[in-house]
Amino acid sequence: MALLAVVALTTLAANGAARLRSMSVALLAVSIAADVIAAGATTPGQLAVLAAAGIAAAGILFVAARDGHYGEDPAWRVWVATLIAAVATPVAWISFRSLTPEAPDIPLVGGDPGNVIVQVAAFWLLSSGTAILITARHAVRTTLGALLMLTGVQLLIRLAPGPQIELTVAVAWLEVIVALTGAFLIVNERALRE
Amino acid sequence: MTLADALRLSAPLALLALMAPVAFAVRKRVTVAALLTLGSLTLAAVSVAIAPDDASDRVLALSLRLDPLGRLAAVSLLAVLGAIVVDVWLDQPAYNFFPIALGCGAVVLAVMLLENALATYAALLVGLLLPVGTFTFQIHSNRSVEAAIRHFAFVSLGGTIGLAALALAPTLPRDQPQTTFVLLLVVLYVAFALKLAVLPFHTHAALLAAEAPGSSLALYFGVLTPATVIAFARILEESGLLPQIVQLAKVQDLLLGMGATSAIGGALLATGAPDARRLVVYSVISSLGMALVGIGTFSGPGIVGGIAIAIVTGASATQQLLAAGALERAAGGGPPRAARAPLAAAAFVAGGIGLIGAPPVVAFPGRFFVELMAYAFATWLGAALVVATVLLLFAQLRIALALFAEGLPSWRPEARPVAGMIGLIIFAALVVGGFAPDVFLRPIAAFAEDFLRALRPL
């Protein structure tokens, strides 16, 4: 449960960051928290891939910023995105949970019986990312929304049957491609503004 | 052992994926990068064309299989991609286009060969993001960056919610309420609609049509959009969701309703298109709507027609977009006129015949099948598709007449008739296909059989 709070807070930090470098650091924190949540349902090899993808994506955005001042002020969008995510997460969890209807016993610190935390964190990240993407006007927040959603997808894939390591690698590559595309657009947009 | 047996199925895929960074390294030497790209695309297409039927391979735990539709679509789309590369090389050199073309080629092959729905979808998403690098040009004099950002947002949103839906689908218990499956399928459909730019998710396509270079539009609407329609059908088949879909009339109604809306809406937008490029893009949106109606009928002829429409639409749209680019360049800022580039104008008009689906081009049987099945499903649906086709005919005629508004003093071709020649070659191939439609439609019919088997398992 505590990890869920960490994911929520780091997501809010990324959502509220007005500077790209702060946003990339917060994004890395979200990625690490998501990896820790998924650790119980993940092999060490997969964890290494997930960590590498998170570091690469955050690193690409950090470098794309070029200095500590560039970014996009979210203004009112941070509240709209948070509100949408707060409403959509429980709705999505109730609609799509793959768990038994009994109320699960979740400790404040420690294990995640039935992968409840994994699912809730995934839905939170997907909802937050969707809300950020829908309200984004420029490349910085568009990239953030897409990367948060992909972090949520990585969590959902932990629970899906199939070739886990291959799917993890595929989505990790996707994260890197999204970060590179976002960085390319951020650089172009900055050139245009300046 | 023949050469075809000795080659692994993953070899052409690996070739294209590995050559993309090499082309990136030599991109400033345009001729070298173009020849490398063309050579790799040709080798990959030939490898797929000569591979044995039902050839299979494994990359780690992911299985690849070559079915007849995969072979047809891969060879057709790689050929169209090769035509765009030739146009970029000879007519409008853009050095960053070649590595992206190779990456898109690899994605097309991955989508046609992979058997895992999630992996196919992830590969498709990579492919739809790659053209962003070609959309932006002369950024201080146009809105191409804004168009690229909007495309990035739509594809990312559609891509990630689709991935999430596919990851969730196999984890849901079978005793879930029907509304859960309806919701999941709606999410999956919206995910594809965002990527295909069908109505009402077409706003990024409209901006792209106005601001991005013609060759990039051809890459997106001529190669990646048909690959997305085929991926949609394949992913539905592989996801295991089809038996649930067939029991839910609401889902089928949604597919048909959204498809018909896009067919009519795209055609209406095409009739008011202010320029040739937007005409092509709206015509593609309309044709994709028709393709979705075909797949949504869940009938053999409908699926065959839908996929045939997608492939032919890609080829015809490429023909028209390259020709439109050549006409714009020849006009030098003024209104495009046939007098300045007669061969490109001829290719543009011929491309319109393919997009409308008029005989004798191979587009005709696909449209005929879909309209037939739409009428069998509901009279209003069939009538809607016929109205959409008539509107498209009107729209194409309007722009064609504008091209010839100043008459045609001479049929002498323009100085560099690259787009015109490519367009006429594509048109000739579609006409030849029209005289032997069986060669084109039989591989799609084999896929339709598999699709129907997955829809109603024994």
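A: A:Ala75 sits in the loop that links helices α3 (44-65) and α4 (77-96) of chain A (helices are DSSP runs of H or I with at least four residues, strands runs of E with at least two, numbered from the N terminus). Although A:Ala75 is not a glycine, its phi is positive, at about 50°. Most residues other than glycine have a negative phi, and most peptide bonds are trans. The model is predicted, so local features need a pLDDT of at least 70 and side-chain atom pairs count only at 80 or more, while totals for chains, interfaces and linings use all residues. Residues are numbered from 1 along each chain as its sequence is written, and chains are lettered from A and ligands numbered from 1 in the order in which they are written.

Elsewhere in chain A, helices α2 (residues 20-38) and α5 (residues 116-135) have axes that come within 9 Å and cross at roughly 155° (axes are lines fitted to C-alpha atoms, for helices over the stretch in contact, and angles run from 0 to 180 degrees between N-to-C directions). α2(A) is therefore roughly antiparallel to α5(A) (under 35 degrees counts as roughly parallel, over 145 as roughly antiparallel, 65 to 115 as roughly perpendicular, the rest as oblique). On the α2(A) side, A:Ala34, A:Ile37 and A:Ala38 make the contact, and on the α5(A) side A:Ile117, A:Val118, A:Ala121 and A:Leu125 (contact means C-beta atoms, placed from the backbone, within 7 Å). This contact has seven nonpolar residues, with no polar and no charged ones (Ala, Val, Leu, Ile, Met, Phe, Trp, Tyr, Cys and Pro count as nonpolar, Asp, Glu, Lys and Arg as charged, the others, Gly among them, as polar).

Chain A also meets chain B: 38 residues of chain A are in contact with 34 residues of chain B. Helix α8(B) gives the largest share of chain B's side, 13 residues. By class, that side has 26 nonpolar and eight polar residues, and no charged ones. The predictor assigns the complex an ipTM of 0.91 and a pTM of 0.91.

Within this meeting of chains, the axes of α7 (residues 164-193) of chain A and α8 (residues 144-168) of chain B come within 10 Å and cross at roughly 155°. These two helices, α7(A) and α8(B), are therefore roughly antiparallel. Residues of α7(A), including A:Val178, A:Leu185 and A:Leu192, meet residues of α8(B), among them B:Ile149 and B:Phe152. Seven nonpolar, three polar and one charged residues form the contact of α7(A) with α8(B).

Inside chain B, helices α4 (residues 68-91) and α11 (residues 214-239) pack at about 175°, with axes 10 Å apart. α4(B) and α11(B) are therefore roughly antiparallel as well. Chain B also holds strands β1 (residues 56-59) and β2 (residues 62-65), which pair in the antiparallel sense over four bridges (pairing requires at least two DSSP bridges). In their hairpin, with two residues between the strands, B:Leu60 has a positive phi near 55°. A cis peptide bond, with omega about 10°, joins B:Pro359 and B:Pro360; B:Pro360 belongs to the loop between α16 (342-356) and α17 (363-377) of chain B.

Chain B has an average pLDDT of 88, and 97% of its residues score at least 70 (pLDDT is the predictor's confidence in each residue, from 0 to 100). In chain B, confidence is lowest in α1 (residues 3-6), with a mean of 55, and highest in α3 (residues 30-50), at 94. Where pLDDT is low, the predicted coordinates should not be read in detail.

Definitions and conventions: Contact = placed C-beta atoms within 7 Å.
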